[in-house]
Amino acid sequence: YESTETKNGYIKHLQKLKPVFSNATWDDVDLPTLRQYLDLRTGKTQGNREMSLLSIIWHKALVWGMTKKPWPAQGVKNWKNAEQAREFEVTAELFAAVYAQGDQILRDGMDIATATAMRLKDVADVDLPVNGRLKRLANKTKRLKGAIEFIVADSPVLTRILERRLNIETDCTKLLCTPDGKAVSQRMLSDRWTDARDAAAYRAEVMGNKELGATIRAMYLRDMRSFAADLAEDLDAASK
């Protein structure tokens, strides 16, 4: 898979599926078994993802001749757990709380993400601008999404980040790098986010604001995109 995140997600799902299905035969697995798995799974949404992965594995097995039995849920509607779209508003206060606890790498990553609406994890893969234009990568596939570009000079945030970046002597071709010139990985950004979020939540709690602390702890890395959308002028701009 092109996406490291997708690969890592599948590995995590397999860790849940393996203890249950590794010793089963194809005939052992029927629709009631799949539904029972979902009923017993505490993480309902993750359970759905695990079943989707099992479906992918099953269809590969059909192609490779490992089984002739069709996927037990083939053509069955609404057999998985019901899902609700996550609604979480990242306010300026929440953003600032985490931002204050981050180092320069995380702060630059958060600034690039909010200036371009990229997922924070994808910020690590952004190349240096060419002719003053920064290309926006398309989420999980890492393919360019049309001709979406940003003129760096039009953004004080991107201009400031690029100026600081160009003062670092390095062969790294990425916009984001460490002070000693090393590439920043998605994992580095993710770990920094988690540490800064937890530090911000703890700070709020010790200051007596337990409600703010709990809200900060409930904020996921992917929620940052909603903050970028909120900064747009209107819905059309947010969509673009």
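I started with leucine 175, which sits in the loop between helix H6 (156-166) and helix H7 (186-206). Helices here are DSSP runs of H or I with at least four residues, strands are runs of E with at least two, and both are numbered from the N terminus. The model is a predicted one, where local features need pLDDT of at least 70, side-chain atom pairs count only at pLDDT 80 or more, and totals for chains, interfaces and linings use all residues. I kept in mind that residues are numbered from 1 along each chain as its sequence is written, and that side-chain values use heavy atoms, with hydrogens and water left out.

Is leucine 175 buried or exposed? I found it buried, because its relative accessibility is 4% (buried is under 20% relative accessible area, exposed over 50%, partly exposed in between, with a 1.4 Å probe and protein chains only).

Next I looked up what leucine 175 touches (contact means heavy atoms within 4.5 Å). Leaving out residues up to four places away in sequence, its contacts include Ile112, Val126, Leu128, Pro129, Ile161 and Arg165.

Then I went to tryptophan 64, in the loop between helix H3 (44-63) and helix H4 (92-101). Tryptophan 64 counts as exposed, because its relative accessible area is 60%.

Last, I took in the whole protein. I noted ten helices and two strands, running α-α-α-α-α-β-β-α-α-α-α-α from the N terminus. Of the 240 residues, 35% are buried.
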